[in-house]
Amino acid sequence: MAGLRNRNISVSEASRPIMPRHAKLKFDEVRQRWVILAPERVLAPDDTAVEILQLCDGVRSVEQMIDQLAAKYSAERGAIGADVIAMLQDLADKGFLTEAREKAS
Amino acid sequence: MSPTLTDASPVATDPSDGLAIMEQRGSRAETYGIPLAVLAELTHRCPLQCPYCSNPVELERGGSELTTEEWKKVLTELAEIGVLQIHFSGGEPTARKDLVELVQHASDVGLYSNLITSAVLLTREKLKALADAGLCHVQISFQGNEPVVANRVAGLKNSHEKKIEAARWTRELDLPLTVNAVMHRQNLHQLSDIIQMAVDLDADRLEVANVQYYGWALKNRAALMPTLEQIEQTSRIVEEAGVRLKGILAIDYVVPDYYALRPKKCMGGWGRQFFNISPSGKILPCHAAETITGLEFLSVRSNHSIAWIWQNSEAFNRYRGTGWMPEPCRSCEFKEVDFGGCRCQAFALTGDAGNTDPACTLSPMHEQIFKMAESEAAADHSRFIYRNFAGGTLEPDDNDGA
């Protein structure tokens with residue numbers, strides 16, 4: 001059983017999260033709301049989750065995201081940093097975020 | 001923090017049923033309560049002959065199938081009315097030569113696409129072309145964890161080996177993989193090995209689905225029905241694996257009706273959050289709905305829109321909601337929890353689709369079907385009737401005891 005790969009990443013400020021191929025963030029025009037599409041599931045993220053997911057491009061680090069959000073909302077970095085990491089970890093644990101990685105061809 | 005995600009309805013069973021969250025704000029989808037996901041059965045043709053096939057016993061011939069242009073029009077219409085996900089299924093969907101074109105069209109109109117396949121017709125090139133066309137997810141069915149049992153159940157030589165190969169290609173191409181394992185008396189002893197196989201194949205998800213007894217499976221019930229001991233052991237194995245493989249493999253478990261106490265909320269309720277489209281374009285409340293005689297199902301080839309058929313057709317409204325229910329459902333506190341269970345099963349076992357599903361302990365027939373399941377499992381009749389266009393072929397006598 002050696003070498004089992006846990007799919008769920010551990011989010012830190014150094015992480016560069018991105019949505020995996022099977023999870024898609026999409027604006028549903030008919031219902032006028034954001035949805036996450038995943039195998040056998042459709043989820044309805046709230047506005048905060050949508051804003052954070054849109055920053056997850058696999059290039060930007062969590063540290064940069066927190067800086068960006070703190071500047072945008074003129075909020076204290078420490079206060080929102082913990083919230084952002086907690087939310088990203090929640091999304092990762094549900095399988096909607098992964099770490100950007102080199103693709104094996 | 002408040003919950004950041006709300007589960008807005010899986011395709012199959014759905015304990016939380018957050019559908020209402022998706023149907024707010026006066027959209028067209030709200031008006032019609034349009035499902036989030038639709039199953040497109042592109043063809044009934046299939047190289048496999050599984051005795052529990054979910055297709056109707058009266059299979060639709062290749063000549064009656066919707067054309068490429070008709071399917072594309074259907075996909076466009078589905079996206080416009082608010083469907084978000086399309087499951088390409090069959091028969092064997094890869095038997096359609098235009099599958100890549102249909103997946104590309106689904107991507108073009110913004111549908112999330114899933115391929116539900118036996119995988120035996122796939123090549124690496126074909127899978128690559130499907131991935132390039134935007135396919136989001138692949139589900140491969142397995143009949144066992146090794147070729148002897150698996151190829152016998154599938155009624156096709158070398159099928160298991162081909163599936164393993166295709167599953168590897170799926171992961172090499174970085175497509176997410178679900179392993180679907182249909183379980184019954186003659187392969188439940190392999191469950192632990194099937195779970196390990198899914199891990200070894202680097203699957204994201206495993207569906208452990210006990211056979212549901214309609215159509216072909218009903219014909220084969222005596223050969224498929226598990227024993228009560230098997231079911232109890234299965235539940236233990238699934239539970240243990242779920243804990244052990246957390247974060248590695250997600251496991252969905254479909255329990256068998258005949259040994260249940262409460263009926264399943266079949267399809268989330270008739271005409272409530274699901275429909276499928278048959279190869280010839282008929283819009284159906286579930287893939288087994290045509291087993292119920294006396295219902296007329298309208299086609300996308302009719303003069304009506306898909307949304308109109310969903311909302312207004314007689315077949316969809318017959319068992320919608322709770323108004324149609326007789327006793328004991330009518331006064332039951334669970335009537336909006338399970339919507340009376342499964343209409344197809346009620347029809348198959350009682351002769352009337354309007355009766356309470358006998359899977360429910362409150363059905364007068366519950367005790368009888370429980371005993372029937374036990375005695376059929378104990379009799380251990382094991383020859384299959386293989387699924388085919390000829391109405392089925394009995395397995396040779398010397399095939400099964402191997």
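Start with helix H11 of chain B, residues 228-244: 17 residues, with 25 Å from first C-alpha to last, close to the 24 Å expected at 1.5 Å a residue. Helices here are DSSP runs of H or I, at least four residues, and strands are runs of E, at least two, numbered from the N terminus. Expected span is 1.5 Å times one less than the number of residues.

This is a predicted model: local features need pLDDT of at least 70, side-chain atom pairs count only at pLDDT 80 or more, and totals for chains, interfaces and linings use all residues. Residues are numbered from 1 along each chain as its sequence is written, with chains lettered from A and ligands numbered from 1 in the order written.

Which residues of H11(B) are buried? B:Gln230, B:Ile231, B:Thr234 and B:Ala241. Buried means 20 or more other C-beta atoms within 10 Å of the residue's own, exposed means 12 or fewer, partly exposed is in between, and C-beta atoms are placed from the backbone. Down the axis of H11(B), the buried residues fall within an arc of 95 degrees, so they line one face. That arc uses directions from helix axis to C-beta atoms. On the other side, exposed residues include B:Glu229, B:Arg236 and B:Val243.

Next, H16 of chain B, residues 366-379. Its 14 residues should span 20 Å, and the end C-alpha atoms are 20 Å apart. B:His366, B:Ile369, B:Ala373 and B:Ala377 are buried. They fall within an arc of 70 degrees, so they line one face of H16(B). Exposed on the other side are, among them, B:Glu367 and B:Lys371. Just after H16(B), B:Asp380 takes a positive phi of about 55 degrees.
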